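Here is a friendly walk through one model, from the overall fold down to single residues. Please keep the viewer open as you read.

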Amino acid sequence: MKLLVVAATKAELGKVFEHFNLPDENFVQQAKFDILITGVGMTATAFALGQHLNNGYNLVVNIGISGSFDKNIPLGSLVNIYMDTFAELGAENHDEFITIYELGFGNNTFKASYQLADLPMVKGITVNKVHGNSDSIAKIEQRFNPQTESMEGAAVFYACNTSNIPCLQVRSISNYVEPRNKENWQIGLAIKNLNNWVIDFLINYTT
Ligand SMILES: O=C(O)c1cccc(C(=O)CC[C@H]2O[C@@H](n3cnc4c(=O)[nH]cnc43)[C@H](O)[C@@H]2O)c1
């Protein structure tokens with residue numbers, strides 16, 4: 001059984017690198033798991049996965065921090081994204097938005113194919129532009145009713161679904177999606193809790 005852990009930035013996995021004494025590289029290969037640092041965003045993620053996904057993985061775990069639309073989800077807590085949507089792929093038709101699915105160019109939503117019992121299941125969207133404006137937040141909530149947003153999740157699900165590799169996405173909530181105020185973000189807490197979860201998961205999954 002071989003696992004691939006995918007993160008956008010090394011900063012999101014700092015304690016994991018320390019715990020397992022891993023070399024300071026973007027693609028780390030170990031006996032029981034590999035780690036891939038892709039860079040932020042869908043394009044960097046898809047490119048990196050295109051280079052490395054063909055290594056016989058039994059499971060891909062996308063991890064990272066994330067914004068939450070749902071203020072009932074505490075900052076620093078972990079969620080399991082069971083479906084994720086490319087929220088900006090489509091066309092504007094004056095005030096209306098037409099998804100690529102509605103345009104006839106294929107799916108805009110992709111699902112996890114591996115279940116975890118112990119985390120809340122939520123619906124995510126993936127964006128190029130972090131929402132930070134009340135009008136655009138209201139519009140995207142009305143369009144997709146998401147609970148979280150990241151900049152990579154749907155790209156990982158797309159690559160894994162297309163390659164028939166089981167995948168799951170675990171995110172730690174660093175901020176609420178609201179008019180931008182970086183002072184409210186809890187990136188340190190979110191990364192700490194995320195790293196503890198990843199270390200635990202790697203130890204339990206690979207032994
Ligand atoms: O300074 C900023 O405006 C900023 C915006 C988004 C992310 C960052 C980061 O430092 C981390 C990159 C990472 O974070 C994920 N993320 C976290 N919160 C959100 C969000 O509200 N909306 C979308 N993505 C978010 C994202 O997946 C990035 O890979 C700094």
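## Overall shape

What radius of gyration does the protein chain have, and what would a compact globule with 207 residues have? The protein chain has 17 Å, which agrees with the value near 17 Å for a compact globule of 207 residues. Here the radius of gyration is taken over C-alpha atoms, and the globule rule is 2.2 Å times the number of residues to the power 0.38. Along its principal axes, the C-alpha trace spans about 55 × 40 × 30 Å.

This is a predicted model, in which local features need pLDDT of at least 70, side-chain atom pairs count only at pLDDT 80 or more, and totals for chains, interfaces and linings use all residues. Residues are numbered from 1 along each chain as its sequence is written. The protein chain averages a pLDDT of 97, with 100% of the residues at 70 or above; pLDDT is the predictor's confidence in each residue, from 0 to 100. The scores for the model are ipTM 0.94 and pTM 0.96.

## Fold and record

Six helices and eleven strands make up the secondary structure of the protein chain. Both are DSSP runs numbered from the N terminus: helices are H or I with at least four residues, and strands are E with at least two. Among contacts with a separation of 6 or more, 79% join residues 24 or more positions apart. Two residues are in contact if their C-beta atoms, placed from the backbone, lie within 7 Å.

An unreviewed UniProt entry places the feature "domain: Nucleoside phosphorylase" at residues 36–194. UniProt positions follow the numbering used here, feature names are shortened, and annotations may be inferred rather than shown by experiment. Over residues 36–194 the chain is 28% helix and 32% strand, and the end C-alpha atoms sit 16 Å apart.

## Around the ligand

Which residues come nearest to the ligand? Of the 17 around it, they are A8, G67, V130, S150 and M151. The elements giving two or more residues to this shell are β4 (59–68), β10 (148–150) and β11 (167–176), and β4 has the largest share, with four residues. A residue counts as near if its C-beta atom, placed from the backbone, lies within 6 Å of the molecule.

By type, the shell divides into seven nonpolar, seven polar and three charged residues. Nonpolar here means Ala, Val, Leu, Ile, Met, Phe, Trp, Tyr, Cys and Pro; Asp, Glu, Lys and Arg are charged, and the others, Gly among them, are polar.

Buried residues make up 38% of the 207 in the protein chain. A residue is buried if 20 or more other C-beta atoms lie within 10 Å of its own, exposed if 12 or fewer, and partly exposed in between, with C-beta atoms placed from the backbone. Helix α5 (residues 153–162) is largely enclosed by the rest of the structure, because eight of its ten residues are buried. Among those buried are F157, Y158 and C160.

T99, in strand β7, is partly exposed, with 19 C-beta neighbours inside 10 Å. Leaving aside residues up to four places away in sequence, T99 touches L89, G90 and N108.

## Positive phi

N145, in the loop between α4 (134–144) and β10, has a positive phi near 50 degrees.
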